[in-house]
Amino acid sequence: MRKRSANIPVRSKPVKLRLTAKILVNFWMKFIKKRRKTLFYLALTLSFALLAIFTQSLFSTPLQSDLCPVAKDKSVFTTATGEKYQWSSVKMGGGGFVTGVIVHPNSPDIVYVRTDVGGVFRWNVEERNWTQLIKADRLPNNISYSIESMAIAPQDPNILYIATGAYTKKNKNLNPGNLLKSSDRGNSWQVLNLSLPMGGNEFWRWTGERLAIDPNNSNLVYFGSRLNGLWKTEDGGKTWNQVNPSLVPTGNSHPETNQLAGITYVVFDANSGTINGKTKVIYAGVSGEGIYRSNDAGTTWELLTNGPAKDLVPQQAVVNNQGELITSFYGIKNKLDGGVWKFTPSGWQDITPKKERNYSAITVDPNKPNTIFVVTYPMTPEDIYRSDDGGKTWVVLKNTLNGINWWPNWSFYTLTGGIAISRSHPEQIWLTNGIGVWQTENANQQNVKWSAAVNGIEETVSFDAISTPKGASLITAIADFDGFRHDCLNAIPIKSHGNGIFNTTTSLAYSSNNPNFIVSVGANHHESWKIRAGFSVDNGKNWQNFPSIEQKTHPEELVFGNVAVSASNTKNIVWQPTKGKLPYFTKDGGRNWQKIDFFSDEKIGGGVHTDLWNPQKALAADSVKDGTFYIYHHRRGQLIRTDDGGETWQIVNEKLPAEVWRGANLRSAPNMKGEIWLSLKDRGLYRSSNFGQDFTKVDSVEEANVLGFGKAAPNVSNPTIFVQGKVKGGVGVFRSTDLGTSWVKIVDYPDGNFSGTLTLVGDMNVFGRVFLGTDGNGFIYGELMDR
């Protein structure tokens, strides 16, 4: 429950308003007795203007807490001590690749979207928001949030199938994913017994749909895999059989990638009739092989010849109610020789809107079989086309955008997902791309207005976060979009750190004795020389690059990784870059950087940050002692320290577990000199109270994946500790107010989320509140209710 500010009495505003109005009226009544009539009107006008301004100042600028909406996507967990924790998502607003969208052909307002790392979502038409369907309380075990494909049953609006799995291979071995079925629109799931390698986060993840349910028989489902050909079930997913590869091949490789596309889509011709209750005509797109068709409900298949080149990769397809197949193709990125083709009873027709393009997303108006929409890959505002005559002529849509405030100018110049039209709302089109979901209500006009429709979809990958005392409760660092200063946790931020210049931020840190000073390191992870790294002097409201970047003297290898700033001296910063490079330090605020050669010694073995996507935080500054920094080195399990700001270093402990090179977390306890903690995943949690000289393992913590500190409990001097992992056999997020002596579980899976936790930070201003950064669903937070 929010409290009023102690400085503003409940009835102060009305009283001030009445007094002000009375004073103004008395003054001007005396004034007009001595002046002419003209001045009366002038005075009266001025009085009302002043009164309006004063009224606005009283009623139009409430406290930030009053402006912040209440979280709607909340769940509640009751602790063993009887406390109630409320869990919600931190609002950011999309931010990830929504790879596909499907709309139910017969039931209005049933819409699903899939993502490459964030799960699958169902649209709530009344609330105009999305519900995450991959949750811990809906599934018997952990399932990947990378969705390869999805399908809905035209005869039964309750049936939904999805295929999940991020990568076809892991450590050079095949990596099987899962097929899931829901009979209640994703509220509960069963895991089916077909497990094939999936590539929901690989190249070609925008093709499809690979899953297809027979429109005349909901028990018959096909799945086109990347590596293992075409499969089908005739008993609603209980048993699966592979279609003989001699009938439908598995597909060929493509010169741009070693990740195979395989069978990219399966579609039925719903109006082609049936054989033994099965739809007669089925199409399958096969990478590098062409389009295959069955005219006898899947008994035999044939290659459709005399059409598009076989080496093209079929992307997406739809069959209109006239029985015509319309499909898009991707050729070669540099050649741009893709196209759009239509197959009719008289054969293939090339209906490509514009040559020298690759095409992907495609849909047909269910009520107008000759109205086709198609989008290039990648998409641009100049390359969304509509035809109203079956592809003979095309109109280039003129698009205007109503996106999220912080979304960049390239929001419509990005990866292409899917496009779909509702039968019940023919003017309504859904379009997905590399930043989220768009919707329009005037699709049949040339000037089309697209609005962002991402409420409820949070699909960013977290890297780091901080909470500063007497400042922002949360400042985040994420992949692709920098991150945000969150003045309100339940409202989408207005701007990012880069304020339109977007990069990946991997690390944040603040000066303990000057929390308004924050450092940030990041770059464009596709073009790492485009660096945005520097500092803020106003608690993350505004940022500026380090002088070395502005002067173009910045060391080329000094990018990404971890950063820390001294407890009091804001000019003293240590930066551990990625790719195993040696750390650097500066004592002049980033004007000059000096490489720390100590780490090149064979006893050390180089820098500690291995790659951009490594979520470890192996560098920390002491929260009290100026110039003291710590680094955990995974190679030999060493704690290495400097006490002079980075100039000289020493190994102070060599007894820590080694080889925890991915995901180690080294943290300094706030306001506790020499107090540092280290989480080492399944190796446990460690504490030192003497600057790293000695460490004690916290025995009750069996697994510590991420670690963070928050505000102390009432009447307690030491900070609160949060851990996500395993404590005394229980898995979840835990809180300790007595430096690890006892722990309270505050949630099992954070908000029911299967997405991995990459970072954790406690709120330094609100006791008990904690933020967890995930690897695909942004940030979630838990807080005590009835505070």
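Q: Taking C68 and C488, are they buried or exposed?
A: Both C68 and C488 are buried, where buried means under 20% relative accessible area, exposed over 50% and partly exposed in between, using a 1.4 Å probe and protein chains only. Please note that this is a predicted model, in which local features need pLDDT of at least 70 and side-chain atom pairs count only at pLDDT 80 or more, while totals for chains, interfaces and linings use all residues. Residues are numbered from 1 along each chain as its sequence is written, and side-chain values use heavy atoms, with hydrogens and water left out.

Q: What joins C68 to C488?
A: A disulfide, with an S to S distance of 1.8 Å; the criterion is a pair of cysteine sulfur atoms within 2.5 Å. The link between C68 and C488 is right-handed, with 75 degrees about the S-S bond. It connects distant parts of the chain, 420 residues apart: C68 lies in the loop between α3 (64–67) and β1 (75–78), and C488 in the loop between β37 (475–478) and β38 (504–511). Helices (H or I, at least four residues) and strands (E, at least two) are DSSP runs, numbered from the N terminus.

Q: How many disulfides does the structure hold?
A: The structure holds one.

Q: And D480, where is that placed?
A: D480 is also in the loop between β37 and β38. D480 counts as partly exposed because its relative accessibility is 33%.

Q: Which residues is D480 in contact with, leaving aside its neighbours within four places in sequence?
A: Those residues are F502, N503, T504 and H525, where contact means heavy atoms within 4.5 Å.

Q: Changing topic, how many helices and strands are in the protein chain?
A: There are four helices and 60 strands. The chain is as compact as a globular protein of its length, because its radius of gyration is 30 Å, close to the 28 Å that the globule rule gives for 787 residues. That radius is taken over C-alpha atoms, and the rule is 2.2 Å times the number of residues to the power 0.38. Buried residues make up 60% of the 787.

Q: Which residues touch the most other members in the largest nonpolar core?
A: V113, W130, W430, L431 and V437 do, in a core of 47 residues. Such a core is a set of buried Ala, Val, Leu, Ile, Met, Phe, Trp, Tyr and Cys residues joined through side-chain atoms within 4.5 Å. Apart from it lies another core, of 25 residues, including F463 and Y584.

Q: Could we turn to the strands? How many residues of β27 are buried?
A: Seven of the seven residues in β27 (359–365) are buried. Strand β27 runs antiparallel to β28 (368–376), and five bridges join them; two strands pair if DSSP finds at least two bridges between them. The bridge partner of I362 is V374 in β28. The two strands form a hairpin, with two residues between them.

Q: What is the order of the open sheet of four strands?
A: The order is β50-β51-β52-β53, with antiparallel pairing. Strands β50 (665–668) and β53 (696–697) stand at the edges with a single partner strand each, so one side of each is left without a neighbour in the sheet.

Q: How many bridges join β52 to β53?
A: Two bridges join them, with β52 covering residues 685–688. The bridge partner of Y686 in β53 is K697.
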